[in-house]
Amino acid sequence: MKKVLFVASECVPFIKTGGLADVVGSLPKCFPKEEYDVRVVLPKYMCMKEEFKSQMQYITHFYMDLGWRSQYVGVLGLVYDGIQFYFVDNEYYFAGPKPYGNIYEDIEKFAFFSKAALSLLPTVGFQPDLIHCHDWQTGLVPVFLKACFYTDEFYSRMKTIMTIHNLKFQGVWDLKTVQNITGLPSYYFTPDKLEAYGDANYLKGGLVYADAITTVSDTYAEEIKTPFYGEHLDGLMNARANSLRGIVNGIDYDEYNPETDPFLAKNYSAKNFRKEKVKNKRALQEELGLEQDDKKFLVGIVSRLTDQKGFDLIAYMMDEMCQQDMQFVVLGTGEEKYENMFRHFAWKYSGKVSANIFYSEALSHKIYASCDAFLMPSLFEPCGLSQLMSLRYGTLPIVRETGGLKDTVIPYNEYEGTGTGFSFANYNAHEMFNTLKYAEYIYYQKKREWNKMVDRAMAADFSWTASAKKYAEMYDWMIG
């Protein structure tokens, strides 16, 4: 039996701020139970739902040194969906209304969590072969393992994997403070280890000390070796290129399933979408006050409204886009200038543009199901989940060729009759606009070709089961 421990700062259904939580919640249950014992350790945040906190069972508690402090570590357990979860309890660190707060508090909080995740293993009687760490919050796990635990027979054979979900977030704070918090010797704070540009960098520490590194798509794994995408760590990514691989994220095919999705006006499948999918468009147009027209080209956007997601391109071309024969429905929150931009265009082109500046799980599902196309012109996108959901619902993605978008959307080729969406290469507003117009042309003039593309999109497999197979291969190779 191969034993794997996931260490992460968030996980559905317990706590979620982004895509990381989906990965940690979905992936562990996709490994065959007879071969892999996969368990997960998380912080016990005060802001978790009471229904989960009340189910947790007390396992043990102990005191642990962190720098010059001695800190309480409570350990609680819960089996959910057949997976054993452990929760690290310490009210001083994990109180508060949100999982993350001020970075200077998070720096100490996740140093504590990383060390506690290792310290609790003998007390719960779990000795993993592999520890799979996610993002900067767990970057110190491989460091502490080498620095504080390796001499102990219990830990001596454990290996670590570091997964980068978004290289932009690294956990950077000043050297002296981090040294004081962690109690690590000054030996660890040199440019070939934790130090970067005068500061301490948690993610860098994890990337230096982990036995293997993964990120969430093949293209992103290549991109982060370049200065533009590398966020000042491109040198390190090149140095560790032999240990780096990309494995694309998946989505939960039970939760995102047009045949059973409870949020839809009309369920449909790859077999009957030609007749049934449009009923969702009809219902959404009515719900959002858009002009009622089954044949109108409807474009969806579900996103955080930030520069990273390409909204400067959209803002630049929005007037021209609204003058095309198409409708837009937008859902999301983010930078005020983009929120107001969409409100403005919804007012200027009422009946053509619907701006929903909030977040709603139900409405997001309706948009994935009702639209004809889904626009996602990201500046960078480590993996991206929205385009996978669109494909699943037969809504064709229009994306920029970056990171996971490039790996998961096959651009339409009208001569070969291939493709599952549309894409453009350069981060350029006119290129995006022309690609959108091309999609509109195919939709109106070559409907049969469009529908064949929908067939291919709905047949693509981006379930977690596919990703889990690739992780399993890597685990097997590392455990040997």
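## Helix pair α4 and α7

Contact here means heavy atoms within 4.5 Å. By that rule, I107, E108 and A111 in α4 meet V178, I181 and T182 in α7. Four residues of this contact are nonpolar, one is polar and one is charged (Ala, Val, Leu, Ile, Met, Phe, Trp, Tyr, Cys and Pro count as nonpolar, Asp, Glu, Lys and Arg as charged, and the others, Gly among them, as polar).

Helices (H or I, at least four residues) and strands (E, at least two) are DSSP runs, numbered from the N terminus. α4 (residues 103-119) and α7 (residues 175-182) pack at about 35°, with axes 10 Å apart; axes are lines fitted to C-alpha atoms, for helices over the stretch in contact, and angles run from 0 to 180 degrees between N-to-C directions.

## What sort of model this is

This is a predicted model, where local features need pLDDT of at least 70 and side-chain atom pairs count only at pLDDT 80 or more, while totals for chains, interfaces and linings use all residues. Residues are numbered from 1 along each chain as its sequence is written, and side-chain values use heavy atoms, with hydrogens and water left out.

## The sheet

Nine strands make an open, mixed sheet, ordered β3-β4-β5-β2-β1-β6-β7-β11-β12; two strands pair if DSSP finds at least two bridges between them. β3 (57-66) and β12 (244-246) sit at the edges with a single partner strand each, so one side of each has no neighbour in the sheet. From one strand to the next, the twist averages 25°.

β1 (residues 2-7) and β2 (residues 36-43) run parallel, joined by six bridges; K3 has D37 in β2 as its bridge partner. Helix α8 (residues 202-209) packs on the sheet, touching β7 (159-164) and β11 (212-215).
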